[in-house]
Amino acid sequence: MNNHKPIIAVVGATGAQGGGLIRAILADRSQRFSARAITRDPNNPAARELARLGAEVVGADVDDAASLERAFSGAEAAFCVTFYWAHLSPKKEIAHAQNLARAAKRAAVKHVIWSTLEDTRRLLPLSDPRMPTLLEEYNVPHFDAKGSCNSIFAELGLPTTYLYTSFYWENLIYFGLGPKRGPDGTLAFTLPMGHAKLPGIAAEDIGRSAYALFLRDAATLGQSFGIAGEHLSGGEMARALSHALGEPVLYDDIAPAAFRAFAFPGADDLGNMFQFKRDFEQEFRARRDLHRSRELNPGMQTFAEWLTVNARQIPLG
C-alpha cells in the first residue's frame, strides 16, 4: 500500500455501506486514495478479507471517542455511519454521532461524509394524530435520531457532505422483508405503502456513490445528496420479484397499523417509516432524484439488475 496517498478512513468497514466504499476505493484503477477500514474487531473474517484486498485495517469503537480519533489520525477524509439496528436506541445513535464528529474534528479531517436520513418531525409534528409517537419523542426513531445529528457536524464546523440513503434491497434477504409463502403456497410481498413508490438501492451502490463524492471533494462540502437506484411501488416490486423467482408474487398492501403490530423488534419503527414514505412520497422521492443519482454513480443498479444476482438469496419463509 502506498502510504503517501491520501487516506479515506471508513467507519463500519465490514458493514453494508462501509464495505461498499472500501471496495470502491480499492477498485479505482488510478488508486487515488488508500483505504483505511475501521472496524470494532480487526480479526473477524470480513476484516481480514479487506486486509487481503489491500485495505489498512484499524480497530476502533463508536462507543470510544479516543479510539476513533486514533483511527482518523492522518486521514484526509472520513466516512461516518452509525448502527441503529444493532441497539435500537436513539440516545446511543446520537452519542455515537457525537463521538464520530468530535473525533473527526480533533483529527483535523478535511472531508467528512455523514450517512444520514430525514428527521421526519420537520414534516410531521409529534402532535399530528396520523402516526403514534414512539419512545416519547420520535415518529421514526431510526430516521429522526440520525437526522437530528446533522446539526452536530454543522455546529462543529466540520467540512461535511450529507448523504441521504434509501431502502436497501438487501433488506429482503437479511431483514426478513422478502416475500413470504402463505398457507396455500402463494408468495406475498407485504408493504404498507399503498400505491406510493419506494426509493430503493443496492447497498453496494451506497459505497460507490460515497466514493464519487469524495472524488468531487470540496465541490460537495455543505451539500446534501440523496441516492436511489429506482423508485418502485409495492406492486412493481412484486412483479419484478415474480419474474426473478419464476413464480407469482402478490403485493400484500396492508395498513401501517397492521405492520406496526408485527411481532419483531422495531416493527413499530418500520411501520411508521413506511407510512412516512407513503404520506410524504413527493418530498421523500424528490430528495432522491434518479438522474442525479446516476450522474454521481453511472453504474447504479436497478431492482431487476440487483435481483438477477441476488434473488435466490431471498428466504421465502
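**Contacts, strands and rings in a predicted model**

Leaving aside neighbours within four places in sequence, R208 is in contact with G20, A24, N297 and Q301. Contact means heavy atoms within 4.5 Å. The model is a predicted one, in which local features need pLDDT of at least 70 and side-chain atom pairs count only at pLDDT 80 or more, while totals for chains, interfaces and linings use all residues. Residues are numbered from 1 along each chain as its sequence is written, and side-chain values use heavy atoms, with hydrogens and water left out.

R208 lies in helix α8 (residues 203-216). Helices (H or I, at least four residues) and strands (E, at least two) are DSSP runs, numbered from the N terminus. R208 is partly exposed, at a relative accessible area of 36%. Buried means under 20% relative accessible area, exposed means over 50%, and partly exposed lies in between (1.4 Å probe, protein chains only). R122 is 86 residues from R208 in sequence, and the two are 29 Å apart in space, C-alpha to C-alpha.

Strand β5 (residues 111-116) is mostly covered, with six of its six residues buried. In a regular strand the side chains alternate between the two faces of the sheet. Both faces of β5 are covered: H111, I113 and S115 are buried on one side, and V112, W114 and T116 on the other. Strand β4 (residues 77-80) runs parallel to β5, joined by four bridges. Two strands pair if DSSP finds at least two bridges between them. F79 stands opposite I113 in β5. From β4 the chain crosses through helix α4 (residues 90-106) to β5, and this β-α-β crossover is right-handed. That term applies if, with the strands pointing away from the viewer, the path from the first strand over the helix to the second runs clockwise. Strand β6 (residues 160-164) is also parallel to β5, through five bridges. Here I113 stands opposite T161.

Three strands form an open sheet with mixed pairing, in the order β7-β10-β12. Its edge strands are β7 (167-168) and β12, each pairing on one side only. Strand β10 (residues 197-201) pairs with β12 in the antiparallel sense over four bridges. P199 has H231 of β12 as its bridge partner.

The buried residues of α14 (residues 303-310) are F303, W306, L307 and N310. Seen down the axis of α14, they fall within an arc of 100°, so they line one face of the helix. The arc is that of the directions from the helix axis to the C-beta atoms. T308 and V309, on the other side of α14, are exposed.

The structure holds 14 aromatic pairs. The rings of Y84 and W85 have their centres 5.3 Å apart and their planes at 85°, so this pair is edge-to-face. Rings of Phe, Tyr and Trp (its six-membered ring) pair if their centres lie within 6.5 Å; planes under 30 degrees apart count as stacked, over 60 as edge-to-face and the rest as tilted. Y84 is buried at 5% relative accessible area, whereas W85 is partly exposed at 32%. F259 and F264 also form an edge-to-face pair, 6.1 Å centre to centre with 90° between the planes. F259 is buried at 3%, and F264 is partly exposed at 28%. F167, F259, F262, F264 and F274 form one aromatic cluster.
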